[in-house]
Amino acid sequence: MDTYQQTIKSYQEHAAALAAKFDAIPSRTTHIEETFQLLKKTNPLVIEIGCGTGKDAQIILQHTDNYFGFDVSQGLLNVARVKCPSATFLVADVNSFVFPNNIDIVFAFASLIHLDKKRFGLLFKKLFIAMNPLGIVRLSMKYDKKYKALTKQDEFGTRTYYYYSDKEVLALAKGFKTLKNSIEHFQDQDWIELTLQKSA
């Protein structure tokens with residue numbers, strides 16, 4: 001089993017404990033509202049990668065009825081379906097997921113942190129094809145000055161994380177320009193907070 005599959009296995013096996021951990025983290029209300037304001041479109045099609053327990057979906061659904069979230073963990077999605085019974089959720093892996101066309105917004109809050117450079121670059125090729133012109137991607141990634149991998153074993157299993165500099169992320173997000181780029185410190189970790197827009 002490779003490191004990525006081991007990471008997925010950990011999310012599936014420790015869903016209940018992870019759900020409690022994730023729900024203790026504040027929702028991304030400000031980031032979500034800012035993204036909808038930037039797009040300025042009524043009822044846009046929104047995809048959330050790694051939607052987890054649906055705590056951010058609750059905020060997103062205040063701005064659109066056209067929402068779809070997916071995650072690798074059935075256990076996390078069981079929680080999400082209770083919180084957002086009218087929303088569409090699916091168990092899926094971002095690497096094999098077939099994105100629909102005409103996407104307006106993609107949210108990926110700390111959900112791409114297990115992707116190496118190859119997988120990350122391939123994802124953005126798929127997003128460029130699937131998204132509408134001027135569509136927006138809002139994502140957060142673990143930050144370091146230089147790309148690196150770190151495997152961590154704790155009460156939630158064994159998971160491998162990838163750290164990026166903002167320049168490395170932007171180099172892989174071909175066809176997208178930067179609207180916002182900042183480094184934020186949260187829970188003893190620096191995060192790249194990026195808002196990207198597909199070219200017209």
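**Salt bridges, strands and cores in a predicted model**

E13 and K9 both belong to helix 1, where they are separated by 4 residues, about one turn of the helix; helices here are DSSP runs of H or I with at least four residues, strands are DSSP runs of E with at least two, and both are numbered from the N terminus. The structure is a predicted model, in which local features need pLDDT of at least 70 and side-chain atom pairs count only at pLDDT 80 or more, whereas totals for chains, interfaces and linings use all residues. Residues are numbered from 1 along each chain as its sequence is written, and side-chain values use heavy atoms, with hydrogens and water left out.

The side chains of E13 and K9 meet in a salt bridge, with an N to O distance of 2.8 Å, the term being used for a side-chain nitrogen of Lys or Arg within 4 Å of a carboxyl oxygen of Asp or Glu. K9 is partly exposed, its relative accessible area being 31%; a residue is called buried under 20% relative accessible area, exposed over 50% and partly exposed in between, as computed with a 1.4 Å probe on protein chains only. Side chains of opposite charge can pair when their charged atoms come close. By this rule the count comes to 13 salt bridges. Another of them joins K55 to D56 at 4.0 Å, N to O, and here K55 is buried at 13% relative accessibility, as is D56 at 7%. A salt bridge of 3.1 Å, N to O, connects K148 with D144, where K148 is partly exposed at 35% and D144 is partly exposed at 24%.

The description now turns to the strands. In strand 1, V46 and E48 point one way while I47 and I49 point the other way, and all are buried. Strand 1 pairs with strand 2 in the parallel sense over 4 bridges, pairing being assigned if DSSP finds at least two bridges between two strands, and V46 stands opposite Y67 of strand 2. Strand 1 also runs parallel to strand 4, to which 3 bridges join it; in that strand I105 is the bridge partner of V46, and V106 stands opposite I47. Strand 4 is largely enclosed by the rest of the structure, because 7 of its 7 residues are buried. Strand 4 is in turn joined to strand 5 by 6 bridges, the two running parallel, with R138 of strand 5 as the bridge partner of F107.

Two β-α-β units are described here. Strand 1, helix 4 (residues 55-60) and strand 2 make a right-handed unit, meaning that, with the strands pointing away from the viewer, the path from the first strand over the helix to the second runs clockwise. Strand 4, helix 6 and strand 5 likewise make a right-handed β-α-β unit.

The largest nonpolar core has 40 residues, and those with the most contacts inside it are F99, L112 and L139; such a core is a set of buried Ala, Val, Leu, Ile, Met, Phe, Trp, Tyr and Cys residues joined through side-chain atoms within 4.5 Å. The largest share of this core, 5 residues, comes from helix 6. A second, separate core of 18 residues includes I59, A80, F89 and F107. In soluble globular proteins, nonpolar side chains tend to be buried together.
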